[in-house]
Amino acid sequence: MSEAWWKEAVIYQVYPSSFLDTNGDGWGDVKGITSKLDYLQQLGVDVVWVSPIYKSPQKDMGYDIADYKSIDPIYGTIEDVDNLVSELKKRGMKLMMDLVVNHTSDEHEWFRQSRSSLTNPNRSWYIWKKPKRDAAGNPLPPNNWSQILGEANSAWTYDAKTDEYYLSLFTPEQPDLNWENPEVRAAVHDVMKFWLERGACGYRMDVINLISKDQRFPDAEPALGPDRRYHPGSQYYVNGPRMHEYLQEIKHKVLQKFGAITVGEMPGVSDINEIIRTVGSKSGELNMIFIFDVVEIDTQPGNVRMTLHEWSVKDLAKAVSKWQRAMLEHDGWNSVFVENHDNPRSVSRYCDDSDAYREHGAKLLALMQTTLSGTLFVYQGEELGMRNVPKSWDIMKEYKDIESINFWKKSRELYGNDPKRLAEERKVLEKKSRDHARTPMQWNGGANAGFCESGVEPWMRVNDDYKEVNAEKQQSADDEEELSTWQFWQRGLANRKAHSDCFVYGDFHAVGPESDEVFAYLRLGKKSGKWLVVLNFSGKKVDWNIPDELKVEGWMAGNYQKGKPDKRMERSVGLRPWEGVLGKCID
């Protein structure tokens with residue numbers, strides 16, 4: 001397996017609206033990111049990935065782009081970005097941009113021109129179809145595909161002026177680009193070159209596996225039941241027929257010339273052979289992708305995100321082990337993550353986020369991630385163990401995400417007279433809303449958690465626990481017995497880099513029998529030797545038997561104590577609730 005700097009890098013995702021406000025408008029900005037670079041460097045970050053900061057009407061928090069070459073005034077100016085790149089460079093760090101090119105905003109000039117008339121040169125830059133008609137002649141969508149961010153709604157939006165529908169998979173304000181048109185692809189390549197020439201090191205590529213659609217646009221199978229008019233059509237646009245062709249074109253016309261790094265967001269795909277076509281060393285279309293098996297572990301089969309599904313530690317172990325082994329055996333590369341802006345907080349999702357166990361759970365997840373092979377992604381606030389918002393929050397008042405609002409409005413329409421079913425729908429939001437990850441960053445215990453000045457109203461409410469859970473408190477923690485979550489992450493990232501031959505590039509094997517409580521695995525490095533990771537993903541004490549073929553020389557780190565764990569048993573290890581330990585084995 002070849003080595004590369006980006007494989008060893010720690011990439012930190014900034015959600016800019018919620019990171020730090022420096023101009024008093026309650027909205028995070030680019031200068032706020034720049035002001036915290038020392039904080040990120042101290043943590044151990046190498047690359048800062050910034051979610052979209054381009055000009056946008058903000059219907060989907062910047063993922064609806066109106067101008068790819070301009071910075072939205074709420075975030076600052078293009079000169080602010082140039083300065084961010086410069087300050088990163090001074091610290092030996094890099095900037096990764098977010099590339100959103102499956103769709104644009106309906107306010108983008110490309111789309112304004114496209115919808116202006118049937119004969120406009122930009123008409124074919126988007127996907128337009130003539131309507132079907134009901135018995136009375138009223139227009140109907142061309143097929144039954146549902147919106148991704150509003151599953152009860154059609155993925156097609158009617159335009160009365162031209163009497164046609166345009167495809168808008170996410171929201172009506174986000175029309176899909178027509179990648180079949182070579183002019184569209186050339187325009188995307190031009191945008192990519194623009195930011196790479198300004199100093200970006202590469203891109204996180206938003207839903208990049210949706211850019212090629214089945215040109216027949218057939219109806220989807222009625223997966224959501226007979227009471228729904230629209231259904232997920234993902235089988236006709238996820239990893240579509242020309243996707244690999246388009247990615248190869250990007251690689252040869254743009255990426256190779258700049259040595260750019262890439263990570264693709266590719267939901268709905270878990271087939272090893274299909275993924276290796278993208279990230280295998282021979283094809284190398286992208287350096288890596290986000291594989292969603294772990295973050296969809298609590299989702300019902302069928303790629304419908306806003307659902308709940310019971311899962312077990314066995315499921316988690318299988319998902320992690322599958323992709324650790326797959327990349328080793330097929331010469332591909334993983335991304336390692338359990339949080340981002342589209343998912344709830346990991347400590348609330350996989351562990352116990354109560355006051356008693358929040359820190360232990362957050363550190364358990366840190367221990368797992370810092371010892372897995374792949375490029376590691378940390379989402380803002382994850383290093384603090386930030387958790388989901390309280391269940392008491394009023395959804396219509398406090399939740400901001402368009403997916404959450406659409407989901408709750410439709411739930412009330414369908415189940416407003418069924419309190420039990422409506423309560424179940426609310427539980428889905430309390431568990432999985434994207435809003436949980438988007439509350440302002442908790443910098444300190446002062447007003448607005450230090451995100452914005454006192455007297456300024458933040459764009460989204462700060463989580464209620466900020467006085468106890470914040471960066472200032474965790475960075476300065478001086479507990480004789482335990483590290484804070486931030487300090488544990490800092491130590492884990494340093495240890496990962498010191499033993500990169502093992503934890504980044506080394507071999508991986510799950511060990512021990514399948515368990516309802518414990519996930520354990522070995523990491524093996526050419527220089528660093530053999531290491532055993534044992535993780536208790538349960539709220540009870542567990543005695544885990546060490547396999548006969550392994551001999552632990554010493555327990556080197558754990559999430560319950562600052563120093564080495566005091567584990568004296570030779571053939572078993574006693575684990576407290578949500579405890580994880582790292583042991584050095586005799587080869």
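Helix α13 makes the greatest contribution to the lining of the largest pocket, supplying 11 residues; helices here are DSSP runs of H or I with at least four residues, strands are runs of E with at least two, and both are numbered from the N terminus. The model is predicted, so that local features need pLDDT of at least 70 and side-chain atom pairs count only at pLDDT 80 or more, whereas totals for chains, interfaces and linings use all residues. Residues are numbered from 1 along each chain as its sequence is written, and side-chain values use heavy atoms, with hydrogens and water left out.

The largest pocket has a volume of about 710 Å³ and is lined by 32 residues, of which Glu-151, Arg-228, Met-306, Phe-407 and Glu-425 lie nearest its centre. The elements that give two or more residues to this lining are α13 (402–415) and α14 (419–432). On a 1 Å grid over the protein atoms alone, a pocket is an open set of points with protein on both sides within 12 Å along at least five of seven lines, a cavity is a set where a 1.4 Å probe fits but cannot get out, and lining residues have an atom within 4 Å of a point. Grid points are joined across faces, edges and corners, and a volume is the space filled by probe spheres set on the points. By class, the pocket lining comprises 15 nonpolar, 7 polar and 10 charged residues, where Ala, Val, Leu, Ile, Met, Phe, Trp, Tyr, Cys and Pro count as nonpolar, Asp, Glu, Lys and Arg as charged, and the others, Gly among them, as polar.

A search of the whole structure finds 5 cavities of 30 Å³ or more. The largest cavity holds about 590 Å³ of space, and of the 36 residues that line this cavity, Ile-148, Leu-149, Phe-170, Pro-267 and Arg-305 are the closest to its centre. Its lining divides into 13 nonpolar, 10 polar and 13 charged residues. The second largest cavity, with a volume of about 200 Å³, is lined by 15 residues, the closest to its centre being Val-294, Val-320, Ser-335, Val-336 and Phe-337. Two or more residues of that lining come from each of α9 (313–330), β14 (335–336) and α11 (358–370), with α9 giving the most, at 4 residues. The lining of the second largest cavity consists of 10 nonpolar, 4 polar and 1 charged residues.

The structure holds 48 salt bridges, each defined as a side-chain nitrogen of Lys or Arg within 4 Å of a carboxyl oxygen of Asp or Glu.

Glu-424 is partly exposed, with a relative accessible area of 42%, as is Arg-421, at 32%. Elsewhere, salt bridges that share partners join Asp-60, Arg-305, Asp-342, Asp-401, Glu-403, Arg-434 and Arg-438 into one network.

Terms used
Buried < 20%, exposed > 50% of the residue type's maximum accessible area, 1.4 Å probe, protein only.
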